[in-house]
Amino acid sequence: MYDYNVYENKKSYRIWHCIFRFLAKTLFRIEVSGEENIGSKNFLLSVNHISHIDFIFAPFSKKVNDVHFLAMSELFKKPLQAAFLKSLNCFPVERGNGKANEAIEHAVNLLKKGFNAAICPEGAINKTAPYNPLDAKSGVARIALDSHADVLPCCIYCKGKVLPFKRIIISYGKPIPYEELQNVFEKHNNHKIVAEYIFSKTKLMWEETAKNV
């Protein structure tokens, strides 16, 4: 349905990223921790989903370069909006009934080429207040295992709804090596269990941050 070749390494990404990073620093009280965990090797960024602007928060660190984001296909229905998202290195993923296979394959190919990719394992924003991370879907595990990429856990924390001038805490955890994930998969032979293993790192960061704010 989609020509995924047009959703790759857009030069406009860095321009938009600088603009949005400046706006975010102006509109929110942003704190970043764990940048020492971000290495030079490319990775799959696994991040919780708290708002429609997580694609700005997740790669906020200057050490996170050129991220390609999986985004729900519904956002690509309008041509102008689709063109804008494409310029941000976002690409559509059809959700449900195995429709995500093409997007997952594209993410795998991007990682194999040395780019960074990002996914919200929950697959949707938990709109139930107070927010808590949902369970992970299997996509994050499939991408990591098929690409042999390490996973960088990321947590975006905001107390309540994301609104201007609120405190946003962005944390990066220690990378999860591919070999570690492969061992989990060999033990359980279940992508869902591997996905929960990956996302448990983000959930733990969320819980720890919530206790300390």
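A salt bridge is a side-chain nitrogen of Lys or Arg within 4 Å of a carboxyl oxygen of Asp or Glu. With that in hand, welcome to these close-up views of a predicted model, a structure that holds six salt bridges.

**View 1. Lys41 and Asp150 meet in a salt bridge.** Let us start with this pair, whose side chains come together at 3.3 Å, N to O.

**View 2. Asp135, Glu196 and Lys203 are linked in a network of salt bridges.** Asp135 pairs with Lys203, their closest N and O atoms being 3.2 Å apart. Lys203 counts as buried because its relative accessibility is 18%, whereas Glu196, at 22%, counts as partly exposed.

**View 3. Asn126 lies in the loop between β5 and α5.** The relative accessibility of Asn126 is 15%, so this residue counts as buried. Follow its side chain to two backbone atoms: the nitrogen of Thr128 at 3.1 Å and the oxygen of Asn132 at 2.8 Å. Leaving aside neighbours within four places in sequence, Asn126 is in contact with His49, Tyr131, Asn132 and Leu134.

**View 4. Helix α4 covers residues 101-112.** From first C-alpha to last, the 12 residues of α4 reach 16 Å, close to the 16 Å expected at 1.5 Å a residue. Look for its buried residues: Ala103, Ile104, His106, Ala107, Val108, Leu110 and Leu111. Their cover includes the strands β2 (44-47), β3 (67-72), β4 (90-93) and β5 (116-119), along with helix α5 (139-147). Just after α4 comes Gly114, which takes a positive phi of about 100°.

**View 5. A nonpolar patch lies on the surface.** Ile15, Ile19, Phe22, Leu23, Leu27 and Phe165 form this patch, and together they have about 610 Å² of accessible area. One of these residues, Leu27, is found in helix α1 (residues 12-27). Leu27 has a relative accessible area of 37%, so this residue is partly exposed.

How values were computed
Residues are numbered from 1 along each chain as its sequence is written. This is a predicted model: local features need pLDDT of at least 70, side-chain atom pairs count only at pLDDT 80 or more; totals for chains, interfaces and linings use all residues. Side-chain values use heavy atoms; hydrogens and water are left out. Helices (H or I, at least four residues) and strands (E, at least two) are DSSP runs, numbered from the N terminus. The expected span of a helix is 1.5 Å times one less than its number of residues. Buried means under 20% relative accessible area, exposed over 50%, partly exposed in between (1.4 Å probe, protein chains only). Contact means heavy atoms within 4.5 Å. Patches are made of residues with over 30% relative accessible area and no salt bridge: like charges are joined within 9 Å, nonpolar side chains (Val, Leu, Ile, Met, Phe, Trp, Tyr) within 5 Å. Accessible areas come from the Shrake-Rupley method with a 1.4 Å probe; for residues, only the protein chains shown count as cover. A polar contact is a pair of N or O atoms within 3.5 Å; within protein, one must be able to donate a hydrogen and the other to accept it, and residues adjacent in sequence count only if both atoms are side-chain atoms.
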